[in-house]
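Please work through the exercises below with the sequence and the model at hand, and try each task before reading its solution.

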Amino acid sequence: MIGSWFTDDEAFLFGEGNFLYSYRKFGAHFRTMEGVNGVQFAVWAPNAQGVSVIGPFNGWNPHLHPMHAHREGIWELFIPSSPMPSHNGAPNSGLEAGSEYKFSIQLPLVDLRIDKSDPYGFYAEYPPGTASRIWPMDSYPWSDDEWVESRSSRQALDQPLNIYEVHLSSWRRNPEDNRVLGYRQLARQLVDYVKEMGYTHIELLPVTEHPFEGSWGYQSTGYFAPTCRFGTPDDFKYFVDHCHQNQIGVILDWVPAHFPKDAHGLAYFDGTALYEYEDPRRGDHPDWGTKIFDYGRNEVRNFLVASALFWAEEYHIDGLRVDAVASMLYLDYSREEAEWIPNQLGGHENLDAISLLRKTNEVLHERAPGVLTIAEESSIWPLVSRPAEAGGLGFDYKWNMGWMNDTLNFFEMDPLFRRYNHHLITYSLSYAFSENFILPLSHDEVVHLKGSMLDKMPGDLWQKFAHLRLLYGFMNAHPGKKLLFMGGEFGQWREWTEVFSLDWHLLELEVHRTLQRFVRDSNRLYCWEKALHQSDASWGGFQWIDYQDADHSITSFVRNDAAGENCIVVVCNFTPVTRHGYRVGLPGPGDYHQILNSDWKIYGGSGVDNPFPLQAEEIPWQGASWSTLMELPPLGVLYWKLGAGSNGKR
């Protein structure tokens with residue numbers, strides 16, 4: 001071997017967990033060495049007796065291309081990419097973009113080899129194949145400089161964040177043969193739809209390579225590879241680029257909480273528990289039958305931090321939603337008393353995982369300004385979305401699982417009983433500003449016999465649709481950024497499954513089109529009106545008018561912009577009863593114009609309306625000095641803007 005691919009400094013940094021751009025050296029990279037074009041391979045396997053590169057180019061023969069051991073357990077080898085003479089009769093056709101390869105690892109102490117895909121592989125063979133593929137990461141011509149340069153301001157806390165959550169395999173398929181669409185087809189169709197519907201971001205269920213379609217991507221074997229199910233890495237870059245050119249951000253689900261036990265993957269990578277904890281009380285995940293990363297091992301931490309940075313740097317991703325954070329934070333997560341080991345302080349917190357999450361957030365915010373990190377965290381862990389220096393985990397946002405559970409419980413019950421459970425719809429404001437929250441109505445709420453969003457709603461057909469309009473209108477007015485899973489916006493009837501397209505044919509029916517129209521218009525209002533998004537994380541952007549009218553199941557509140565110059569009054573009637581002449585307190589004098597009414601006929605409503613602007617009367621009510629009488633539609637939500645003209649949609 002002439003020289004070494006890794007410098008001593010790089011190997012040292014990797015050993016201490018600080019080689020942040022390790023993906024630029026590990027894996028397979030096209031390079032020229034001493035005038036010869038070829039591919040440089042590198043892998044970490046410190047306990048292996050030997051490692052070879054195998055693939056079609058050498059007949060999968062582990063004896064033809066043995067790798068050389070470097071320090072810190074790193075193995076490396078340069079292989080010329082031009083066709084070479086065969087060795088021992090084995091075929092050798094050269095290496096090029098898309099060529100398959102694996103690492104053949106000689107296990108310690110036994111005469112046995114295992115073949116593994118590349119942990120740092122950029123591209124993968126189509127399942128059920130398990131080989132990695134060589135791919136040049138510098139081959140795509142990006143055209144999104146303007147977006148990337150302005151990302152910090154676009155994604156600031158005072159900007160709208162309205163997320164459409166998507167599973168690429170099942171958003172839309174070819175109707176003739178049920179085949180999935182490719183990244184480039186999805187870019188054109190999905191982006192046009194998302195723009196029309198008023199969303200600001202697309203969040204993708206994991207697109208990291210995974211062997212089992214039924215895991216929805218949450219059991220990943222390729223932390224540096226977009227799944228080949230929809231095309232090449234360049235095709236996925238085109239998808240992201242096209243989103244950015246159309247002013248749509250892209251958020252990826254990222255899963256550092258666990259990984260599958262598939263033989264070709266990370267589990268027992270060099271014959272030992274390399275990436276995972278060895279003790280099953282820490283290393284086996286009881287919920288998913290998977291392995292848990294050893295967050296305390298420097299090289300594993302390096303792998304995960306580099307993966308997060310990789311998606312921001314190489315694919316221009318705008319945010320990572322970190323899955324199952326609660327399972328990382330607690331050593332006793334889903335375990336009985338004798339099934340877990342306390343930390344060195346005797347507690348149940350996973351101190352190594354906490355450290356990893358803080359470092360990942362710190363690195364991303366420093367190296368990729370403006371990129372968001374979002375925690376799916378379902379416990380009461382404090383300060384998830386606060387900086388590490390303030391004792392927090394350093395995320396930008398946290399999913400508000402409490403709001404989601406309480407709100408859906410409230411909406412799913414018969415309206416007759418809501419007066420006794422009024423707290424479910426108001427309690428979230430007692431903690432709404434303790435974190436930077438996203439309100440999620442995600443894929444998890446429409447699977448495993450939970451029913452679709454529409455199917456959850458009680459009542460007859462009309463009431464189900466009215467309930468759903470009310471729910472979405474309430475969500476878009478409630479403090480916190482927004483997320484809705486695909487299909488919910490037009491009233492998908494059946495529960496979501498990953499094996500079929502959404503039921504787009506439902507839009508042939510007026511009742512589904514009118515729901516979709518309401519979601520589109522309320523989304524646009526959320527983005528247009530600063531009062532609805534600018535002060536999501538403080539009491540300055542919210543004021544209760546009345547949260548105590550449990551007898552009528554009515555709530556009313558005010559949303560304000562940061563300057564306090566604009567306000568929107570929101571009134572929700574959670575019963576199927578029209579309330580005539582209902583008096584509502586107002587924040588001040590003037591004319592209030594109706595800018596949204598979920599009961600307008602254009603949305604499939606009954607048409608209960610307030611056809612003219614309402615003038616505030618100097619009559620004290622509900623703690624306010626001003627008030628007015630209004631008609632409240634059944635199962636309806638009204639938005640009133642002070643001094644603004646009605647949009648006239650009736």
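This is a predicted model: local features need pLDDT of at least 70, side-chain atom pairs count only at pLDDT 80 or more; totals for chains, interfaces and linings use all residues.

Residues are numbered from 1 along each chain as its sequence is written, and side-chain values use heavy atoms, with hydrogens and water left out.

**Exercise 1.** Find how many disulfides (pairs of cysteine sulfur atoms within 2.5 Å) the structure holds.

Solution. The number of disulfides is 0. Take Cys527: its sulfur lies 15 Å from the closest cysteine sulfur, in Cys243, which is too far for a bond. Cys572 is likewise in no disulfide, as the nearest cysteine sulfur, in Cys567, is 16 Å away.

**Exercise 2.** Describe how helix α1 and helix α8 pack, and which residues make the contact.

Solution. Begin with the elements, where helices are DSSP runs (H or I, at least four residues) numbered from the N terminus: α1 covers residues 8-15 and α8 residues 298-315. Their axes, lines fitted to C-alpha atoms over the stretch in contact, are 7 Å apart at an angle of about 100°, on a scale from 0 to 180 degrees between N-to-C directions. Therefore α1 is roughly perpendicular to α8, a term for angles of 65 to 115 degrees. Finally, the contact (heavy atoms within 4.5 Å) joins Leu13, Phe14 and Gly15 of α1 to Asn298, Glu299 and Asn302 of α8.

Definitions and conventions. Helices (H or I, at least four residues) and strands (E, at least two) are DSSP runs, numbered from the N terminus. Angles under 35 degrees count as roughly parallel, over 145 as roughly antiparallel, 65 to 115 as roughly perpendicular and the rest as oblique.
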